[in-house]
There are 4 protein chains.
Amino acid sequence: MKSESTNLRVCVVGAGKMGADHIERLTRRIAGAEVSVVVDADISRAKKAVEATPPAVAVSNIGQALDRGDVNAVLIATPGFLHRDMLLQVREQDLPILCEKPLTPDAPSSWEILEAEQRLGKKRIQVGFMRRFDAEYQRLRAIITSGDLGELLMLHCSHRVPETPHDFTNEMLINDAVVHEFDVIRYLTGEEIKNVQVRLGRASRHSHSGQHDPQHVLLEIQNGVLADVEIFVNTKFGYQVATQAVFEEGIVNIGEDGGPYVRSAGRWGGEITPTFVERFGRAFDTEVQRWVNAAKIGEVGGPTAWDGYATAACCEAGVAAQKSGEKVDVSLKTKPSIYN
Amino acid sequence: MKSESTNLRVCVVGAGKMGADHIERLTRRIAGAEVSVVVDADISRAKKAVEATPPAVAVSNIGQALDRGDVNAVLIATPGFLHRDMLLQVREQDLPILCEKPLTPDAPSSWEILEAEQRLGKKRIQVGFMRRFDAEYQRLRAIITSGDLGELLMLHCSHRVPETPHDFTNEMLINDAVVHEFDVIRYLTGEEIKNVQVRLGRASRHSHSGQHDPQHVLLEIQNGVLADVEIFVNTKFGYQVATQAVFEEGIVNIGEDGGPYVRSAGRWGGEITPTFVERFGRAFDTEVQRWVNAAKIGEVGGPTAWDGYATAACCEAGVAAQKSGEKVDVSLKTKPSIYN
Amino acid sequence: MKSESTNLRVCVVGAGKMGADHIERLTRRIAGAEVSVVVDADISRAKKAVEATPPAVAVSNIGQALDRGDVNAVLIATPGFLHRDMLLQVREQDLPILCEKPLTPDAPSSWEILEAEQRLGKKRIQVGFMRRFDAEYQRLRAIITSGDLGELLMLHCSHRVPETPHDFTNEMLINDAVVHEFDVIRYLTGEEIKNVQVRLGRASRHSHSGQHDPQHVLLEIQNGVLADVEIFVNTKFGYQVATQAVFEEGIVNIGEDGGPYVRSAGRWGGEITPTFVERFGRAFDTEVQRWVNAAKIGEVGGPTAWDGYATAACCEAGVAAQKSGEKVDVSLKTKPSIYN
Amino acid sequence: MKSESTNLRVCVVGAGKMGADHIERLTRRIAGAEVSVVVDADISRAKKAVEATPPAVAVSNIGQALDRGDVNAVLIATPGFLHRDMLLQVREQDLPILCEKPLTPDAPSSWEILEAEQRLGKKRIQVGFMRRFDAEYQRLRAIITSGDLGELLMLHCSHRVPETPHDFTNEMLINDAVVHEFDVIRYLTGEEIKNVQVRLGRASRHSHSGQHDPQHVLLEIQNGVLADVEIFVNTKFGYQVATQAVFEEGIVNIGEDGGPYVRSAGRWGGEITPTFVERFGRAFDTEVQRWVNAAKIGEVGGPTAWDGYATAACCEAGVAAQKSGEKVDVSLKTKPSIYN
């Protein structure tokens with residue numbers, strides 16, 4: 001095996017902020033991969049992106065990229081509404097895919113993707129729920145699995161973001177933010193979510209028009225565990241993602257603050273992680289490294305299309321619950337065997 | 001003024017664990033009071049109690065104590081179901097009263113006490129919600145009142161107790177434990193609680209028969225603030241009472257762990273407060289000192305009979321919500337003017 | 001026994017800040033004592049002090065107070081240079097004494113006090129090293145004594161004060177600040193200090209003229225334990241007294257920060273204790289309560305005149321070490337048997 | 001530029017624990033490098049190492065590796081006493097070198113390396129002081145440089161290791177452990193160390209024969225800052241490297257504990273980092289990535305041979321101070337201009 005042959009040649013689709021970050025990651029931070037093509041409908045953006053990764057070329061649609069024949073994996077970092085068509089197109093060439101979340105914006109279109117995978121008979125799509133690669137979530141899951149503190153009984157989650165764009169709607173609170181909590185709760189418990197309820201109380205004066213922020217989202221898990229999520233996307237103070245797990249014989253918190261500890265001007269403490277980049281940057285690296293390693297041997301190294309579908313179903317229930325104020329059941333089709 | 005005249009001469013009713021603790025407190029830890037009479041239907045228990053507080057005498061009912069004429073304040077530390085009659089009897093002599101929570105076990109009988117106070121036209125009863133004298137609750141309230149972090153939006157409370165007697169029922173989870181949360185949430189927000197919902201999920205294997213433990217109690221406050229309380233009374237790991245307050249521009253936690261910080265045997269950390277005595281012992285001292293100071297000048301130094309009544313109404317709604325699984329409104333009569 | 005007879009009638013000498021605080025404490029915060037006389041050479045200051053403690057009278061010298069015959073204990077809160085004469089005078093009447101630190105400003109005069117106590121054959125003087133009544137120091141001592149973490153090997157102490165008066169000299173750094181560390185190190189280890197070395201490095205620009213601040217004080221204890229003290233009296237950021245104890249099998253820190261935990265404006269953390277009052281206020285209450293309780297039965301409830309003498313000897317060595325930069329031995333006479 | 005040409009082809013010398021870790025890192029965790037040759041006098045160990053990095057070949061001496069012509073960088077991970085000869089040999093071919101610490105075991109031989117670099121007129125050697133790539137040390141340095149808290153006055157360092165091999169001598173405490181503190185203190189302050197003193201107190205019963213553990217190392221920095229290092233290599237409890245920096249207007253701690261926060265069995269807290277691998281694993285990755293990036297453009301991406309030489313001189317002074325108990329000056333030649 002020659003060394004140049006070992007690198008996965010990746011086509012990155014979408015050269016926006018997230019895509020550019022993945023290009024940088026593939027090129028300078030992880031092993032065994034190189035960017036081969038960058039696709040963006042805005043070709044000038046694609047061209048700018050390839051400047052930092054010399055051998056790569058810029059094209060304006062995925063078809064052109066696949067036609068080149070020197071691509072052996074695809075990383076999709078476009079807005080979610082474009083995912084369905086692209087996934088189906090790439091799926092035809094049977095390439096390994098890392099698809100940023102969401103798999104698709106709704107459960108029916110996600111189910112179509114699952115059907116396409118089933119026709120091919122194997123999993124090729126990894127969905128970008130990067131929290132599963134965070135060391136603390138992994139350690140919490142290990143504690144749950146070990147049974148050392150007895151059974152898990154409750155999960156208290158908070159997801160706090162300093163601010164949102166002005167067009168960030170109520171639905172996006174669920175679809176873009178709480179979706180991560182849906183996935184990690186499924187990851188931690190190893191069970192699906194049964195139903196969702198949303199409580200709207202006093203809204204922050206920093207809520208944008210069309211937004212009721214914060215919200216209190218209540219979940220029941222199939223095994224009876226109760227979870228609740230405080231979603232708050234205009235906190236002003238900084239970024240914070242934390243979970244408190246309540247066991248029969250103990251309590252575990254992850255997402256605690258850290259870093260240099262300063263005493264000055266009458267206060268003790270430290271700096272809060274400003275954005276998800278600082279909080280989960282390392283998890284992104286690990287996610288992509290695992291995907292690259294798995295792709296080379298024809299496997300998936302993380303959450304699958306099923307996880308994309310199941311969270312899409314949770315989001316649908318969540319948005320309905322936001323509107324009705326009632327408990328809404330999550331409706332899932334039977335899990336296809338390739339995802340077991 | 002002679003020094004002996006400055007001491008408040010207190011009749012302590014109930015010489016059980018809580019009564020004995022108050023006798024010790026009045027005698028050896030706070031200023032300006034002395035125990036004059038100890039009342040207990042079990043006269044041998046009363047006699048044992050007075051050994052530690054020499055000039056005091058032991059009697060077997062409150063009437064005997066009041067007849068002696070050397071009592072100028074009453075501290076009630078008997079089980080709650082005895083409070084109503086005793087409060088009405090003491091009320092006739094117009095003595096200052098410190099009544100351990102609950103004021104009475106239900107809202108209608110609590111309302112009778114309020115009517116008796118109104119007939120006399122002044123507040124004489126202080127209810128033993130000692131958390132209001134805890135430095136951290138006081139500082140959290142000051143932060144809320146200051147508006148420094150914007151408006152308060154949510155309160156996440158947890159109330160964890162290592163274990164309970166075998167006859168500690170589901171109703172007692174609300175009436176004996178969550179009642180403290182009802183009171184501090186009212187204290188912190190300065191508002192009444194509108195409704196209560198209770199979620200029952202997976203129960204701990206340490207739950208006693210007749211108990212579903214833990215429970216997740218959801219509250220809405222009159223000003224729109226959402227609160228939730230995790231009540232868990234068989235935690236095994238230790239005692240913990242904590243509140244996280246969510247503001248428009250910040251988050252505040254109280255009830256964090258403290259004390260000596262140890263690194264040994266592969267772990268960092270410290271000891272958890274084992275019981276409410278260690279956690280709130282100082283608050284009890286402050287509570288009784290404030291009551292003594294206020295009683296000497298004919299005032300009440302803490303939560304009033306109204307607070308006892310309002311929390312009794314919350315408990316009624318809580319127990320109904322436990323049974324129905326639905327949101328139950330808290331029904332309060334109009335607040336009599338002497339409590340404003 | 002009548003109740004009025006149970007109160008210790010205390011003569012407080014010195015009505016400055018510390019004296020006023022003790023008067024408030026004896027009158028309103030602890031049990032079993034009352035202020036009988038307040039002595040201050042500035043009679044107007046004494047008169048002002050007694051206003052808050054009605055039955056007490058104000059006089060301008062200790063002789064007048066003792067002549068009144070209604071005093072059965074003395075609390076000395078004057079500057080240290082006045083202590084020797086006053087202690088000898090009170091000692092003649094065989095009254096229990098609580099003497100604020102230092103016992104006297106130097107070892108020879110402290111030794112005179114010890115000789116006076118020996119002539120009477122019993123301990124009557126308690127010295128105001130209040131840290132011994134702090135819960136954390138007590139817990140650290142219990143860990144040391146238990147041997148649970150093996151033998152104690154090192155102590156790293158820091159003593160940080162926000163600012164000092166302009167006339168606070170280099171010698172006062174040792175005599176007024178490090179003196180507390182000398183005492184607690186002796187308390188924690190149960191051993192005397194063998195020698196002292198002082199390192200002067202870079203001085204803060206906030207050091208006053210005549211002060212080299214901070215300093216690094218190195219100690220060897222008789223049992224071989226090494227200790228070091230960072231003394232820093234113009235920290236600006238707040239007050240902090242902390243000790244880290246290094247054992248064969250673990251590390252223990254006391255004096256960690258606590259209180260409400262706030263996330264706001266990009267920072268996590270809380271408020272630093274501003275002064276020794278907040279940090280050690282409760283220890284002062286406990287100290288005086290123990291003294292009162294012990295005085296009533298003819299005993300001493302805390303550090304003795306020997307502790308005052310031994311720390312005076314450490315201070316002498318410390319000041320010499322500051323000047324020479326060399327290691328200076330602490331010279332102690334044989335401990336009289338009444339102090340064992 | 002073809003993609004295969006972009007990879008740095010590294011010859012790794014030494015296939016022991018540290019070498020194997022670097023091979024894994026170059027192959028699977030960082031970008032832009034591949035292992036070309038593995039050298040180990042024990043050829044079977046070299047052969048085993050290359051199994052995990054397919055295109056690489058195994059040889060038994062550095063000469064063979066350099067003769068192959070397909071190596072364009074060398075990473076030295078052999079014991080320190082072999083470094084001098086190897087560095088001089090590789091230096092002749094003008095290849096970029098990452099040399100694990102120490103540069104060489106003593107100052108004179110380190111100086112020879114500097115002379116060799118000067119003859120070639122450019123820096124090619126990076127020394128493996130990986131702490132400089134740790135995020136917390138970098139943030140502390142940024143705080144120092146910013147002046148936001150005023151001038152730096154003192155550094156309190158602790159370096160705690162759970163256990164050592166039985167032949168880990170007193171000299172190795174300085175040369176293998178404190179050497180890291182020497183380097184980071186130089187890194188943090190940007191100044192050289194003036195002198196070293198060592199205090200030996202009570203030794204742990206876990207000290208091996210020939211070891212006096214722990215020790216207290218005192219340093220003075222050229223700019224007057226005082227530092228002290230607790231070096232303790234048989235702590236049993238776990239691994240801990242921490243620094244507390246004392247500024248004119250604040251205190252900063254790095255190396256605090258983190259990770260999941262657990263409350264169970266009467267204790268709160270979490271797991272201590274067991275070894276340097278968990279504590280500094282990410283810093284190692286960053287170090288090697290920076291070296292690779294810099295090597296490709298003919299530069300050095302971290303501490304230089306001068307840092308290797310200066311710390312060797314500190315170690316010499318440290319070992320002498322251990323023996324004499326006196327303050328020993330660090331003797332440094334003038335810094336050659338290529339290191340400025």
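Which residue of chain B forms a salt bridge with A:Arg205?

## A salt bridge between chains A and B

In this predicted model, the partner of A:Arg205 is B:Glu249, and the closest N and O atoms of this salt bridge are 2.7 Å apart. The count between chain B and chain A is six salt bridges, and there are also 22 residue pairs in polar contact between these two chains, with both residues at pLDDT 80 or more.

On the side of chain B that touches chain A, the elements that give two or more residues are the strands β7 (152-160), β8 (193-200), β9 (215-221), β10 (226-232), β11 (240-247) and β12 (250-254) of chain B. Sorted by class, this side of chain B has 16 nonpolar, 15 polar and 11 charged residues.

## The extent of the contact

The size of an interface is often given as the accessible area lost when the parts come together. Between chain B and chain A the buried area is about 3100 Å², with carbon and sulfur atoms giving 52% of that area. Of the area that chain B buries against chain A, B:Arg199, B:Arg202 and B:Glu248 supply 24%, which is more than any other three residues. The contact takes 42 residues from chain B and 42 residues from chain A.

Methods. Residues are numbered from 1 along each chain as its sequence is written. Chains are lettered from A and ligands numbered from 1 in the order in which they are written. This is a predicted model: local features need pLDDT of at least 70, side-chain atom pairs count only at pLDDT 80 or more; totals for chains, interfaces and linings use all residues. Side-chain values use heavy atoms; hydrogens and water are left out. Contact means heavy atoms within 4.5 Å. Buried area is the accessible area (1.4 Å probe) that two parts lose on being put together, summed over both. A salt bridge is a side-chain nitrogen of Lys or Arg within 4 Å of a carboxyl oxygen of Asp or Glu. A polar contact is a pair of N or O atoms within 3.5 Å; within protein, one must be able to donate a hydrogen and the other to accept it, and residues adjacent in sequence count only if both atoms are side-chain atoms. Helices (H or I, at least four residues) and strands (E, at least two) are DSSP runs, numbered from the N terminus. Ala, Val, Leu, Ile, Met, Phe, Trp, Tyr, Cys and Pro count as nonpolar, Asp, Glu, Lys and Arg as charged, and the others, Gly among them, as polar.
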